[in-house]
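Colleague: I'd like to learn how to read a few features of a model like this one. Could you walk me through them, general idea first and then the case at hand?

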There are 2 protein chains.
Amino acid sequence: MKPESPMLNDPMPLTPIASAPQAEPEKRVRDRGATEKAILNAAKALLAEEGFQNFGINAVARKAGCDKQLIYRYYGGLNGLVDAIGADLGTWVKDRIPEDTGGMFLLTYGDLMERLSLLFLQALRDDPLMRRIVAWEVSENTEQVRRLSEARSKALAAWLERMRGSLAPPKGVDAVAVNAILIAAIQHIVLSASAGGQCAGLALKASKDWDKAEAALKRIVRGVYG
Amino acid sequence: MKPESPMLNDPMPLTPIASAPQAEPEKRVRDRGATEKAILNAAKALLAEEGFQNFGINAVARKAGCDKQLIYRYYGGLNGLVDAIGADLGTWVKDRIPEDTGGMFLLTYGDLMERLSLLFLQALRDDPLMRRIVAWEVSENTEQVRRLSEARSKALAAWLERMRGSLAPPKGVDAVAVNAILIAAIQHIVLSASAGGQCAGLALKASKDWDKAEAALKRIVRGVYG
DNA sequence: GCCTGATGTCGCCGCCCGGCGACATCGATT
DNA sequence: AATCGATGTCGCCGGGCGGCGACATCAGGC
């Protein structure tokens, strides 16, 4: 075989940049903060793009362009990394959903919930990471997912509470239960559309399909909240 | 060389019968039909119990107590096995959901949809296999899942059509879209409950929790269909 | 200069996966 | 009895995974 070459390893062992076209080719030279950010961003991007199925230490390290050992050192493994993702979810709502009323005056609880439903629908449609997390939540019950789920649930509840203001639901309606069903419907519609382009016989691809879905959703909200 | 034991293999390699109460403990001695059934039942049980995450050739063969090679021979691999599961789904509805009206007269479309919603909710809650399939559908978009999804969708649509009878939805309501949202809501509520015991802040464990959810669902159906 | 700790890298380990070739065993037909 | 196809079993292969020990490289204090 080889008689002991002077340099013990090839200087370009696996062309790390050429095979990772997605991220910026920044030379992170011993900058722990930047490396941590790169790992976190890679994890979020990987989860958003590939889903939780192939989400693992090796895949994240590949995507981040760093060694997987750093994930263990900086985040204590996948669990810690998932916690870090969860910590970001608290800021999701304020990044994604406007807090003002868009120039409308929301006079009734029905006005409010109609608007919130459509906002939530749109926000979910626009956020692949959130969709993957929701799909993950209904598919597994591991420690990782429980933490993510809790973070998401809190963020959503806080947002709802903030938007609600002083409006109270109509008497005699169990708003918590009804809203849970509405949220469930929105989440499942978006997930189904994202996965298969349709839900229970309703096509969900073209924008006119979504117009139908939104109209039906509005009608449902108005039917229950007036 | 084997010291040739009289019985060809260990009679209880992994307690296949105790964990698979559906099949008979018969020694399948060169009975292809029985082996095929054992494989199919093992696949369904495995999917129902463990979910699609660990669903694979090796796991099914272990659960069925046979060699994985037989899965390739008899079903052409996992895809064929999944197709066989899908073929069973066509009979799901008639096994699970009564076709009669339970002694009620369904006078209006609202009566019908209220009853169907509650029936569908209950049927899903009672069927872990179906739940896993639904979760699978919103988590992946592989060939396997598409076939399962199509089978399930057709079975559900056929059941709805059969139950609908001559009742027509109210004018001015896009029943397809509204019903898709209702089905989405039911599916997601059940999945969330099954995975985490709650959905959007609504606990879904005790039966009184489910009473709340059912009341809210009824209210929503009545709100939109009268 | 030199040492030390922080940062980044390499390569090994054991495990399980899907896929498949090769073989063993049985039953029926001849 | 001999044969042959159907049925069942065994073990290998390449590969990816999580986990981690050992090492290389650099920055900064002394």
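Colleague: Let's begin with charges over rings: what lies over the face of A:Trp210?

Modeller: A charge sits over a ring if NZ of Lys or CZ of Arg is within 6 Å of the ring centre and within 35 degrees of the ring normal. Here A:Arg125 lies over the face of A:Trp210, 4.0 Å from the ring centre. In chain B, B:Arg125 lies over the face of B:Trp210, at 4.0 Å from the ring centre.

Colleague: And what should I keep in mind about the numbering and the model itself?

Modeller: Residues are numbered from 1 along each chain as its sequence is written, and chains are lettered from A and ligands numbered from 1 in the order in which they are written. This is a predicted model, where local features need pLDDT of at least 70, side-chain atom pairs count only at pLDDT 80 or more, and totals for chains, interfaces and linings use all residues, while side-chain values use heavy atoms, with hydrogens and water left out.

Colleague: How many aromatic pairs does a search of the whole structure find?

Modeller: Rings of Phe, Tyr and Trp (its six-membered ring) pair if their centres lie within 6.5 Å; planes under 30 degrees apart are stacked, over 60 edge-to-face, and the rest tilted. Over all chains, the search gives 7 pairs. One of them is B:Phe55 with B:Trp136, edge-to-face at 6.0 Å centre to centre and 70° between the planes. This pair links distant parts of the chain, 81 residues apart: B:Phe55 is in the loop between α1 (32–50) and α2 (57–64) of chain B, and B:Trp136 is in helix α7 (residues 128–137) of chain B. By the way, helices (H or I, at least four residues) and strands (E, at least two) are DSSP runs, numbered from the N terminus.

Colleague: Are B:Phe55 and B:Trp136 buried or exposed?

Modeller: Buried means under 20% relative accessible area, exposed over 50%, and partly exposed in between (1.4 Å probe, protein chains only). Both B:Phe55 and B:Trp136 are buried. Another edge-to-face pair is B:Tyr109 with B:Tyr225, 4.9 Å centre to centre with 80° between the planes. B:Tyr109 counts as buried because its relative accessibility is 7%, and B:Tyr225 is buried, too, with a relative accessible area of 7%.

Colleague: Which residues form one aromatic cluster?

Modeller: A:Phe52, A:Phe55, A:Trp136, B:Phe52, B:Phe55 and B:Trp136 do.

Colleague: Which element gives the most to the surface near DNA strand C?

Modeller: That's α3(A), with 5 residues.
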